[in-house]
Amino acid sequence: MLKNTLSALALAALALSAHAADVLKVAATAVPHAEILNFVKPQLKAQGVDLQVKEFSDYIQPNAAVEDKQLDANFFQHQPYLDSYNKDRKSSLVQVPNGKVHVEPFGAYSSKIKNVKDLKDGATVAIPNDPSNGGRALILLAKQGLIELKDPKSLTPTPLDVAKNPKKLKFKELEAPLLPRALADVDMALINTNYAIEAKLNPTKDALFIEGADSPYTNIVAARADRANDASIAKLIKALHTPEVKKFIQDKYKGAVVPAF
């Protein structure tokens with residue numbers, strides 16, 4: 001009898017362990033990443049994966065939480081940002097296999113002008129203060145002919161790398177989440193699409209100019225190298241790459257977010 005009881009307890013423990021192994025904790029910014037993850041939760045649940053989405057409002061903590069093993073993966077960033085983060089923080093997070101999901105075309109916004117041609121000499125332009133997104137903003141300004149960069153091929157230029165600035169634009173570097181709130185205080189701001197959408201800005205209508213679909217800044221799912229090939233993460237990627245998710249992205253964001261699969 002005791003032997004049978006112990007066997008039953010052992011089986012129960014194994015069942016609980018297996019259940020715990022199927023919990024997948026993923027960090028994400030609210031829009032669109034958490035919305036997309038929540039869309040695939042029912043599909044993953046049917047496959048035995050309990051997807052738990054943890055929302056963050058900044059670009060530092062989602063990586064730190066994964067690096068510290070508090071969470072299993074994250075979905076909020078592009079590869080140039082991850083490369084910059086790994087270099088600065090001496091971390092080693094990686095894109096998971098087939099981890100590309102979508103592009104959020106980066107745009108310029110203003111509450112003071114309706115056309116970039118009206119941008120005055122000496123105007124103050126707010127850009128993100130992290131190397132990858134700040135560089136992305138400068139590259140977009142260069143493509144508009146507003147500035148010229150010393151190295152047009154670099155993905156991480158800074159204001160110090162501006163070779164020509166005919167309008168004598170003044171650059172104000174801010175934390176990416178703060179950029180929408182800075183619109184009243186600057187002449188123009190280059191804003192990541194997730195924060196633009198949260199601020200009720202419509203990138204396809206409100207942006208003075210915006211990246212094309214050929215942007216190299218594809219948003220990815222990232223994890224620690226020792227977890228990148230986990231079965232539960234592979235199931236997540238498969239769920240994110242379905243025709244249903246593509247339609248969800250196209251219908252909900254109407255060009256402000258573009259599927260990359």
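Here is a short tour of the fold and its salt bridges.

Guide: Keep in mind that this is a predicted model. The protein has 9 helices and 13 strands. Its C-alpha trace spans about 90 × 40 × 30 Å along the principal axes.

Visitor: How many positive and negative side chains does the protein have?

Guide: There are 34 positive and 29 negative side chains. The centres of the two sets lie 2 Å apart.

Visitor: What can side chains of opposite charge do?

Guide: They can pair when their charged atoms come close. Here the count comes to 6 salt bridges.

Visitor: Which residue forms a salt bridge with Asp121?

Guide: Lys167 does, with the closest N and O atoms 3.7 Å apart. Asp121 lies in the loop between strand 5 and strand 6, and Lys167 in the loop between strand 8 and strand 9, so the pair ties together parts 46 residues apart in sequence. Asp121 is exposed, at 60% relative accessible area. Lys167 is partly exposed, at 21%.

Visitor: Is Glu211 buried or exposed?

Guide: Glu211 is buried, and so is Arg136. These two form a salt bridge, their closest N and O atoms being 2.7 Å apart. Glu211 sits in the loop between strand 11 and strand 12 and Arg136 in helix 5, so their pairing links parts 75 residues apart in sequence.

Visitor: Where do Arg224 and Asp226 stand, buried or exposed?

Guide: Arg224 is buried, with a relative accessible area of 10%. Asp226 is exposed, at 53%. Their side chains meet in a salt bridge of 3.3 Å, N to O.

Visitor: Which residues do shared partners join into one network?

Guide: Asp72, Arg227 and Asp230 are joined that way, through salt bridges.

How values were computed
Residues numbered from 1 in each chain as written. Predicted model: local features only at pLDDT ≥ 70, side-chain atom pairs only at ≥ 80, totals over all residues. Heavy atoms only, no water. Helix = DSSP H or I, 4+ residues; strand = E, 2+ residues; numbered from the N terminus. Lys, Arg positive; Asp, Glu negative; His and termini not counted. Charge placed at Lys NZ, Arg CZ, Asp CG, Glu CD. Salt bridge = Lys/Arg side-chain N within 4 Å of Asp/Glu carboxyl O. Buried < 20%, exposed > 50% of the residue type's maximum accessible area, 1.4 Å probe, protein only.
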